[in-house]
Structures are given as structure tokens and as C-alpha cells.
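I opened my notebook to log what I looked up here.

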Amino acid sequence: PVTKLLLRATPHAAAAMPGNGCIAVAVSTREQRLDLPPADAPPDVSSLDEPDQRQLARPPAPRWRDAYSLRLLHCGSWLSLSAYPLREDEWVMCMKLLHIRDDLTKVTSARLVVGTAIQAGEDNVCGGRLLIFDVDKAGAAAARAG
């Protein structure tokens with residue numbers, strides 16, 4: 001490797017933006033699900049005789065989820081310039097820098113396009129979004145950061 005960077009997250013996709021010296025990275029971190037009801041005080045299992053009863057009296061194990069976000073990093077200093085958290089249970093599926101032409105102004109500009117998927121369970125239809133970010137504004141922020 002040419003360089004190493006500690007993200008404290010799992011990287012899933014990256015897109016270089018050579019025009020403004022930035023790299024966009026899609027990362028995920030493990031977070032405990034907070035939609036579970038809070039566990040009350042642990043029950044007194046000393047009065048239970050059977051091992052099966054003791055097992056049933058224990059609080060449920062915590063569940064975890066992957067929380068995705070997009071980060072904009074400066075190429076020279078590797079500082080995080082910006083972060084965009086995604087919705088709960090929304091995953092990054094693809095990410096690419098595209099040059100998109102505006103029909104009104106006929107100007108072509110670079111845009112970061114991110115495709116996401118929202119999982120709603122195995123019995124429900126999955127959805128998703130296409131997120132389109134203005135890379136020129138990100139480059140201006142990178143220039144100010146130095």
C-alpha cells in the first residue's frame with residue numbers, strides 16, 4: 001500500500017474526484033439497535049429450578065445493525081471534510097463519479113451518484129434511492145480546508 005488510513009469503519013465503495021482533490025468513501029459501522037424495548041431489571045433466577053426456566057428468564061441478546069454513511073476525505077491530509085449519514089437500514093450498493101449534462105444550461109458537471117437499497121424484511125419489497133451530490137461544492141469546501 002502507498003498509504004494507510006484508519007477509518008474506524010468498514011469501507012464499501014470509493015470514488016476519486018481528481019478535479020478537486022477529494023475521495024468519497026462509503027463506510028459502515030456496527031450500532032446496537034435501539035428499537036427493542038428496554039430491558040427491565042434482571043429477574044431473580046435463583047428461585048428457578050429448571051435450566052430451561054433460567055434460560056427463558058434472561059433478557060434478550062442485543063441486536064446490531066450496519067449504519068452506513070458517506071464521507072468526503074481530502075487527498076493530501078486525509079481529513080474528513082464532510083459526512084452524510086444514510087437512513088436506518090439503508091445500504092450503499094454502488095457509487096460512481098459521473099459527468100452529467102444539464103438540459104437547461106447545456107453544461108456538463110461532475111456529480112457523485114450513490115445507489116442505495118433499503119431493506120424492509122424478507123416479506124416486503126425492498127426500495128432504494130439514487131443520491132446525486134454536487135462535486136463542485138465539495139471541491140470548494142476542500143479548497144477552503146487546505
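Before anything else, I note that this is a predicted model.

**Entry: backbone angles**

I looked up Arg 8. Arg 8 is not a glycine, yet its phi is positive, at about 55°. I found Arg 8 in the segment before β1 (10-17). Is Arg 8 buried or exposed? Arg 8 counts as exposed, because its relative accessibility is 71% and the cut-off for exposed is over 50%.

Next I checked Asp 89. Asp 89 also is not a glycine, and its phi is positive, at about 65°. I placed Asp 89 in the loop between β4 (80-85) and β5 (90-101). The relative accessible area of Asp 89 is 22%, so I wrote it down as partly exposed.

**Entry: surface patch**

Which residues form a nonpolar patch on the surface? I listed Leu 98, Ile 100 and Ile 132. Together they have about 230 Å² of accessible area. I traced Leu 98 to strand β5. Leu 98 is partly exposed, because its relative accessibility is 33%.

**Entry: cysteines**

How many disulfides does the structure hold? I wrote down zero. Cys 22 is in no disulfide. Its nearest cysteine sulfur belongs to Cys 75 and lies 6.4 Å away.

Cys 22 has 1% relative accessibility, so I logged Cys 22 as buried. Cys 94 has a relative accessible area of 44%, so I logged Cys 94 as partly exposed.

Conventions: Residues are numbered from 1 along each chain as its sequence is written. This is a predicted model: local features need pLDDT of at least 70, side-chain atom pairs count only at pLDDT 80 or more; totals for chains, interfaces and linings use all residues. Side-chain values use heavy atoms; hydrogens and water are left out. Helices (H or I, at least four residues) and strands (E, at least two) are DSSP runs, numbered from the N terminus. Buried means under 20% relative accessible area, exposed over 50%, partly exposed in between (1.4 Å probe, protein chains only). Patches are made of residues with over 30% relative accessible area and no salt bridge: like charges are joined within 9 Å, nonpolar side chains (Val, Leu, Ile, Met, Phe, Trp, Tyr) within 5 Å. Accessible areas come from the Shrake-Rupley method with a 1.4 Å probe; for residues, only the protein chains shown count as cover. A salt bridge is a side-chain nitrogen of Lys or Arg within 4 Å of a carboxyl oxygen of Asp or Glu. A disulfide is a pair of cysteine sulfur atoms within 2.5 Å.
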